[in-house]
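User: I'd like to go through the labels on this structure and hear what stands behind each one. Here it is.

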Amino acid sequence: MGNLKNYLPDQYDNTDLKEINHNYLIEQFSDYREIFGKIEQVVRKGDYTLGRAVDEFEKKFAEVTGAQFAIGVGSGTDALFLSLKALGIGKGDEVITTPYTFYATIGAIVTAGATPVFVDIGEDYNIDTKKIEAAIGPQTKAILPVHWSGKICEMPRIDELAKQHGLHVIGDACHAILAKYNNYYAGSLGTVACFSLHPLKNLNVWGDGGLVVTNNQEVANRLKLIRNHGLADRDTCREFAYNSRLDTIQAVVGMHILDNKLEYITEQRINNSLFLDEGLRGITQIRVPIREPNIKQVFHIYMILCEQRDKLLDYLQSNSIDAKVHYPVPMHLQPAANNLGYQKGDFPVAEKTAEMALSLPVHEHISKEDLSKMIDAIKGFYR
Ligand SMILES: *Cc1c(COP(=O)(O)O)cnc(C)c1O
């Protein structure tokens with residue numbers, strides 16, 4: 001393998017930007033001096049790990065996600081992993097989930113010691129609720145739906161199935177901050193919901209961070225223990241566990257976004273996605289995202305399905321539009337899944353989606369003019 005490089009910093013590279021980019025972090029944090037001022041308060045108090053800022057941020061985060069408790073952890077991946085651990089899920093247990101997600105969803109299940117059991121997705125990119133029951137077996141302990149691109153899964157039905165079969169529901173809400181199903185936020189659905197504060201997420205910080213939210217006090221307490229060495233207090237270790245605390249400095253950044261920007265970020269993404277829907281709907285080779293009136297979808301990504309995807313991708317890139325694919329290979333076909341026993345053809349909708357998916361920049365710093373340029377470029381390609 002040689003010496004693996006830290007490839008991820010490439011995605012923050014600002015030296016060779018296109019005209020229209022997914023990359024918006026420099027603009028987003030142009031008020032960084034204000035955040036420095038808030039971080040200075042932490043430094044002056046020396047309040048570094050699980051400090052007051054974490055406490056305040058957790059409280060506020062619980063409020064805006066509709067949950068009673070929020071527990072800050074090291075990342076979205078850890079939010080998922082620690083949730084599984086807190087619910088006692090591990091070796092010999094199966095967790096039902098989607099093959100169409102970011103690697104971390106599956107990584108959390110596998111590193112917790114459990115086995116992911118995939119169920120194909122539907123036309124809306126989310127786990128196909130109709131197919132879940134057939135996958136439930138004696139080893140099943142939880143259903144782990146992913147609210148892909150910020151569209152909440154059919155949670156009432158998933159909760160009902162979980163109740164019938166005595167399962168937990170762990171929501172991967174990493175795309176779904178402020179998303180709603182009817183009047184319910186992602187955080188108030190299921191046993192727990194997991195969020196990421198990664199720089200490329202809607203509510204983002206200056207590094208890694210994540211939160212689990214829940215209405216179950218026992219689960220919340222267990223999470224508070226195991227994110228911090230299992231310590232009930234300084235000298236009492238209830239169980240040997242992990243160190244995955246939300247960093248105090250990241251909590252300051254998160255609070256800044258939550259207080260000042262999250263609503264705007266969300267509204268702009270929704271507005272931009274509506275504008276793209278309107279402009280693209282008439283193109284027969286494109287399918288715009290499926291919407292449902294009772295779901296407030298927050299468009300962490302704006303993902304369309306298109307014919308000749310790879311050619312369109314090249315075309316947009318050469319027209320200085322930074323379209324991307326999230327993601328070209330579903331989880332069951334990744335090399336990491338070799339030992340899970342799946343093969344090509346097992347999940348036709350996920351596989352087709354991976355072949356046809358294309359994401360267009362939809363973030364809050366995209367102008368209407370840029371959106372129109374993208375629409376015109378796509379029209380031009382199919383003409
Ligand atoms: C980003 C993401 C994660 C992991 O979050 P990190 O904070 O990067 O660990 C998990 N699931 C989904 C769907 C994600 O998009």
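User: What makes a residue count as one that I132 touches?

Analyst: Contact means heavy atoms within 4.5 Å. On that test, and not counting residues up to four places away in sequence, I132 touches I96, V119, I127, I143, I158 and L161. Bear in mind that this is a predicted model, where local features need pLDDT of at least 70 and side-chain atom pairs count only at pLDDT 80 or more, while totals for chains, interfaces and linings use all residues. Residues are numbered from 1 along each chain as its sequence is written, and side-chain values use heavy atoms, with hydrogens and water left out.

User: What makes something a nonpolar core, and which residues of the largest one touch the most other members?

Analyst: A core is a set of buried Ala, Val, Leu, Ile, Met, Phe, Trp, Tyr and Cys residues joined through side-chain atoms within 4.5 Å. Buried means under 20% relative accessible area, exposed means over 50%, and partly exposed is in between (1.4 Å probe, protein chains only). The largest core has 56 residues, and F57, F61, I96, I132, I158, F195 and L203 touch the most other members. Elements giving two or more residues to this core include α2 (32–45), α3 (52–65), α6 (155–165) and β8 (192–196). Those names come from DSSP runs numbered from the N terminus: helices are H or I with at least four residues, strands are E with at least two. Apart from this core lies another, of 43 residues, L80, I89, W148 and I226 among them.

User: Why is α4 described as largely enclosed?

Analyst: Eight of its 11 residues are buried, so the rest of the structure largely encloses α4. The buried ones are G76, A79, L80, F81, L82, S83, L84 and A86. At the helix start, a side-chain oxygen of S75 comes within 3.3 Å of the backbone nitrogen of T77. After α4 comes G88, with a positive phi near 75°.

User: What makes N216 a cap on α7?

Analyst: A side-chain oxygen of N216 lies 3.0 Å from the backbone nitrogen of E218, at the N-terminal end of α7. A polar contact is a pair of N or O atoms within 3.5 Å; within protein, one must be able to donate a hydrogen and the other to accept it, and residues adjacent in sequence count only if both atoms are side-chain atoms. The 3.0 Å between N216 and E218 falls within 3.5 Å, so the pair passes on distance. Inside α7 (residues 217–226), V219, A220, L223, L225 and I226 are buried. The buried residues of α7 pack against β1 (69–73), α4, β8, β9 and β10 (231–233).

User: Why is T353 called buried but Q41 partly exposed?

Analyst: T353 has a relative accessible area of 4%, which is under 20%, so T353 is buried. Q41 comes in at 42%, between 20% and 50%, so Q41 is partly exposed. T353 sits in helix α11 (residues 348–356), and its contacts beyond four places in sequence are Y100, I121, Y125, M303 and L305. Q41 belongs to helix α2.
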